[in-house]
Amino acid sequence: MILLIGVIHIRAAKRWKFIVWLILSCFWIVLIFVKSAQTYAEQDIRPLLAEWLPLDLLNRWLPHIEFYYDGGLVTWTKPYDFIEFIIRKGGHVTEFAVLCFLSIMTLLSKPIKTIPSIAMGSVFSVLYAASDEWHQSFVPGRTGHAIDVMVDSIGVVLAALVIGAVKLAFRKRKAN
């Protein structure tokens, strides 16, 4: 009888674990969708940067770097544009790393092995990144670009590698 109660308790705990991870994943998906539905003007942080960071300071400290991204020049000579670009792309990497992490954790809370969980969570995250870019193509002042899916995928790969490394370290530690 005590063993049966213990088994039921473990199953209920696993079910709650899955539900919590699933809710967190859904919340994050909705948050990405809502942020992607905002126009560029609603997300523009350049005025805030100009208010906080004096131009002469940026001209002294920013590395003299310029490169082309999706056909446009990103240059240190436009410091507020340059910093915003770095922040926005860093945000893309971060938001899809979090999505991948949550997706993988949701799958790992079910009886699915580590490698298939990482693979499915990663594929889902990249597909969502592609759908997010497509969604942005309908938002005024926003664009959807394949290169941004690649930037999002950097976050996915990072999350997958970290989870894989942590799981491997715990497996080795448990074996010893």
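Here is a short tour of the structure, stop by stop.

The model is predicted, so keep in mind that local features need pLDDT of at least 70 and side-chain atom pairs count only at pLDDT 80 or more, while totals for chains, interfaces and linings use all residues. Residues are numbered from 1 along each chain as its sequence is written, and side-chain values use heavy atoms, with hydrogens and water left out.

**Stop 1: the positive patch**

Select Lys14, Lys17, Lys113, Lys167, Arg171 and Lys174, which form a positive surface patch. Patch members have over 30% relative accessible area and no salt bridge, with like charges joined within 9 Å. A salt bridge here is a side-chain nitrogen of Lys or Arg within 4 Å of a carboxyl oxygen of Asp or Glu. The areas come from the Shrake-Rupley method with a 1.4 Å probe.

Now colour helices H1 (2–36) and H7 (146–175): each supplies at least two residues of the patch. H7 gives the largest share, three residues. Helices are DSSP runs (H or I, at least four residues), numbered from the N terminus.

Zoom in on lysine 17, in helix H1. The scale calls a residue buried under 20%, exposed over 50% and partly exposed in between.

**Stop 2: ring pairs**

The structure holds six aromatic pairs. To pair, ring centres of Phe, Tyr or Trp (its six-membered ring) must lie within 6.5 Å; planes under 30 degrees apart are stacked, over 60 edge-to-face, and the rest tilted.

Pick tryptophan 21 and phenylalanine 101: their ring centres are 5.6 Å apart and their planes at 80 degrees, so the pair is edge-to-face. This pair links distant parts of the chain, with tryptophan 21 in helix H1 and phenylalanine 101 in helix H5 (residues 79–108), 80 residues apart. Tryptophan 21 is buried at 18% relative accessible area, whereas phenylalanine 101 is partly exposed at 33%.

Next, select phenylalanine 96 and tyrosine 128, a tilted pair at 6.5 Å centre to centre and 40 degrees between the planes. Phenylalanine 96 belongs to helix H5 and tyrosine 128 to helix H6 (residues 114–136), 32 residues apart. Both of these residues are buried.

Then show Phe67, Tyr69 and Phe85, which ring pairs link into a cluster.

**Stop 3: alanine 175**

Finish at alanine 175 in helix H7. Alanine 175 is exposed, with 66% relative accessible area. Draw a C-alpha to C-alpha distance from alanine 175 to alanine 97: the two are 29 Å apart in space and 78 residues apart in sequence.

How values were computed. Patches are made of residues with over 30% relative accessible area and no salt bridge: like charges are joined within 9 Å, nonpolar side chains (Val, Leu, Ile, Met, Phe, Trp, Tyr) within 5 Å. Lys and Arg count as positive and Asp and Glu as negative; His and the chain ends are not counted. The place of a charge is taken as NZ of Lys, CZ of Arg, CG of Asp or CD of Glu. Buried means under 20% relative accessible area, exposed over 50%, partly exposed in between (1.4 Å probe, protein chains only).
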